Amino acid sequence: MVEPFIFQIAGFQNSGKTTVISRLTRHLNEKGISVSVLKHHGHGGAPDLPDKDSTRLFSSGAQAALVEGDGTIQLTASLPSGCDLLSKNIEILSTFNPDVIIIEGYKRKPFPKALIIRYESDLVLLRELENLHAVIYWPEMRGCMEGEMPGLPVFDIKLDGFNDWFVEQYRFQANGQQRK
């Protein structure tokens, strides 16, 4: 099994991360590249659970509850305290053997990432985050972007340039590796 290409889409809340990831995921699927996505619930507390069988089973005390139907699964689980939650989640997603794992959020982690800039106040992240590989900006930020990120590719969120750039990055990383 080949390790998946792991890449983050980072930015503050409501910057457009989910929109960018949704478009990128569709684009990658059209190119025959399989994708798994890990979203960080960064709003404090546990994410809301849907009222499904896995939730009922989990609430009754199961450490993990997985419900499968027609090849689709829903997993609800508690990870042990003290473990590296991001690494454990990547490990879980890797069992599906995706070509790419896209991480939404976890902006302070060291994986290669694209940063979304929606407001002028977001520019601070250009200096704070490590391993930036690209910047995606909202059109109204175009004038504020000049000179901010020398050497980084910059993409308008309304255009598809980022998706094509990402495919090139994936193919460069995967060059010579055979997937199972």
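**Note on the predicted fold: sheet, hairpin and cores**

1. From the N terminus on, the elements of the protein chain follow the order β-α-β-α-β-β-α-β-β-α-β-α-β-α, which amounts to 6 helices and 8 strands; here helices (H or I, at least four residues) and strands (E, at least two) are DSSP runs, numbered from the N terminus. This is a predicted model, in which local features need pLDDT of at least 70 and side-chain atom pairs count only at pLDDT 80 or more, whereas totals for chains, interfaces and linings use all residues. Residues are numbered from 1 along each chain as its sequence is written, and side-chain values use heavy atoms, with hydrogens and water left out.

2. The chain has 180 residues, of which 39% are buried, where buried means under 20% relative accessible area, exposed over 50%, and partly exposed in between (1.4 Å probe, protein chains only). The accessible surface comes to about 10600 Å², and 50% of that area belongs to carbon and sulfur atoms; the areas come from the Shrake-Rupley method with a 1.4 Å probe, and for residues only the protein chains shown count as cover. Among contacts (heavy atoms within 4.5 Å) with a separation of 6 or more, 53% are between residues 24 or more positions apart.

3. An open sheet of 6 strands is arranged in the order E2-E5-E1-E6-E7-E8, with parallel pairing; two strands pair if DSSP finds at least two bridges between them. Strand E2 (35–39) and E8 stand at the edges with a single partner strand each, so one side of each is left without a neighbour in the sheet. Neighbouring strands are turned by 20 degrees against each other on average, direction ignored; axes are lines fitted to C-alpha atoms, for helices over the stretch in contact, and angles run from 0 to 180 degrees between N-to-C directions. Within this sheet, E6 and E7 run parallel and are joined by 5 bridges, with Leu115 opposite Val135 in E7.

4. Two helices can be described against these strands. H6 packs on the sheet and touches E1, E5, E6, E7 and E8, its direction making about 150 degrees with that of E1, while helix H3 (residues 85–94) lies across E1, E2 and E5 and runs at about 155 degrees to E2.

5. Strands E3 (residues 64–69) and E4 (residues 72–77) pair in the antiparallel sense over 6 bridges, and Val67 stands opposite Gln74 in E4. The two strands form a hairpin with 2 residues between them, and Asp70 in the turn has a positive phi of about 55 degrees.

6. A nonpolar core is taken as a set of buried Ala, Val, Leu, Ile, Met, Phe, Trp, Tyr and Cys residues joined through side-chain atoms within 4.5 Å. The largest such core has 24 residues, and Phe7, Ile9, Leu28, Val100, Ile102, Phe162 and Phe166 touch the most other members. Elements giving two or more residues to this core include strand E1 (5–10), helix H1 (17–30) and helix H6 (161–174), and H6 gives the most, with 6 residues. A second, separate core of 12 residues includes Leu115, Val135, Tyr137 and Met145.

7. Pro153 lies in the loop between helix H5 (142–145) and strand E8 (154–156) and, at 25% relative accessibility, counts as partly exposed. Although Pro153 and Val135 are 18 residues apart in sequence, their C-alpha atoms are 6.4 Å apart in space. Leaving aside neighbours within four places in sequence, Pro153 is in contact with His133, Ala134, Val135 and Trp165.
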